[in-house]
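Here is a short briefing on strand pairing and salt bridges. Please look over the structure before reading on.

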Amino acid sequence: MDYVKLRFLADHSLADALSYELNKLGAEGVSVVDKTELAGVYHDKGELNYALDDYLDGLPDRAEVEGYFRYADSNEANDASSADNPLLRVAEDDYEGLLYEARDYTSLSQLDLLARLAAELESYKQNLGGSYEFIGSEIVKEEDWANNWKSYYEPLALSPRLTVCPSWIDYPDARPEEIVIRIDPGQAFGTGYHESTEISAFFLDQLQKHKPDFTTQARALDLGTGSGILAIFMARLGVPEIEAIDIDPQAVATAKENFSFNGLDWSDQPQAGTLSVYTGELADTRGEFDLIVANLIASLHLDLAAAYREKLRPEGRIILSGIIDERMPAVRKKMAEVGLILEEAHYKRGWWTLLAARKEDLDQQLC
Ligand code: SAM
């Protein structure tokens with residue numbers, strides 16, 4: 001099944017009405033990306049999803065509204081279910097004809113649909129103010145909906161040595177010292193493209209470089225593993241025992257797939273000397289760790305601060321990531337309160353990543 005996507009830009013005041021009318025005209029799906037609306041949600045929550053602030057900056061000021069209309073072959077076009085769809089009502093037995101008809105946005109069917117839309121929206125415009133404009137249309141293959149995002153990803157160097165490569169791309173020219181891992185994030189977070197992942201990987205690389213024994217003997221925790229990306233980097237850097245956990249079972253399933261892609265054996269239960277992966281949170285882990293990587297959000301770091309301190313072995317290190325600029329002072333203060341001192345802090349495009357150790361360990365180093 002393919003779809004015709006009709007694209008619009010609308011003022012905030014008209015975005016909902018436009019979406020509603022597209023549905024009424026037979027759209028099977030309508031997507032609205034409204035910067036004004038999203039910025040409001042962001043503001044209300046004080047802190048929200050990863051990348052939202054970067055994402056907002058990249059959006060146009062007006063809402064992007066897209067309506068997806070079923071674009072069937074000639075047989076499906078004769079179905080009763082498509083009888084109300086103005087894009088399909090012109091369907092002829094000739095598939096090529098339909099293809100031409102649907103692609104050409106000046107075609108009668110689309111003109112008809114756009115004219116009806118304009119008529120319906122006239123009263124909304126009068127009452128709500130604002131305007132909208134039709135940008136264009138395109139045919140979207142159904143399988144592309146699931147895979148479109150893949151075209152945005154390329155191999156990416158996160159540090160001098162660590163490179164993440166999408167699993168569907170070849171990367172034959174790796175430098176000898178380069179550690180290349182392969183990731184298909186699926187629905188999980190962790191392509192490597194987010195600053196919070198990137199700088200976490202950078203810190204892992206630095207730690208290994210400056211304290212090779214530390215990483216090759218460490219018992220490590222990847223808290224909020226997502227796609228498994230940071231656990232895989234740790235494994236490839238030589239960390240012998242890793243627990244990768246996530247509260248989201250879907251992320252755990254994805255991490256398992258990525259471990260396998262990267263030739264790593266894993267177990268469902270923590271075991272000495274293995275990479276294990278399971279659904280859970282910090283309280284579900286047993287024992288202490290030499291290395292904890294936690295790419296979460298600031299509010300979780302605040303809640304978990306005391307537990308982090310408890311879970312860190314003497315001389316251990318914790319990487320805290322996913323901290324938006326505004327929350328950095330609160331996180332720093334909380335860490336100091338529980339006895340975790342920052343050794344390094346790295347800022348990139350609105351996001352902080354911190355490397356911290358137990359206060360007594362750093363005090364000892366200074367003596
Ligand atoms: N580690 C990956 C990376 O750096 O790209 C993914 C990080 S993603 C920002 C955060 C992950 O933490 C998500 O997969 C989410 O499901 C998980 N998560 C959120 N709260 C959690 C919690 N309390 N305990 C464990 N995992 C959590």
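Glu 21 and Lys 24 both sit in helix H1 (residues 12–24), three residues apart, about one turn of the helix. Helices (H or I, at least four residues) and strands (E, at least two) are DSSP runs, numbered from the N terminus. This is a predicted model: local features need pLDDT of at least 70, side-chain atom pairs count only at pLDDT 80 or more, and totals for chains, interfaces and linings use all residues. Residues are numbered from 1 along each chain as its sequence is written, and side-chain values use heavy atoms, with hydrogens and water left out.

**Salt bridges**
- The count is 21 salt bridges, each a side-chain nitrogen of Lys or Arg within 4 Å of a carboxyl oxygen of Asp or Glu.
- Glu 21 forms one with Lys 24, with the closest N and O atoms 3.4 Å apart.
- Glu 21 is buried, at 1% relative accessible area; buried means under 20%, exposed over 50%, partly exposed in between (1.4 Å probe, protein chains only).
- Glu 178 meets Arg 175 in a salt bridge (3.8 Å, N to O).
- Glu 178 is buried at 9%, while Arg 175 is partly exposed at 36%.

**A link between distant parts**
- Arg 349 and Glu 195 form a salt bridge, the closest N and O atoms being 2.6 Å apart.
- Arg 349 lies in the loop between strands E13 (340–348) and E14 (351–358), and Glu 195 in helix H8 (residues 195–210), 154 residues apart.
- Glu 195 is buried, at 3% relative accessibility.

**Strands**
- Strand E9 (residues 241–246) pairs with E10 in the parallel sense over five bridges; pairing takes at least two DSSP bridges.
- Four of the five residues of E10 (residues 275–279) are buried.
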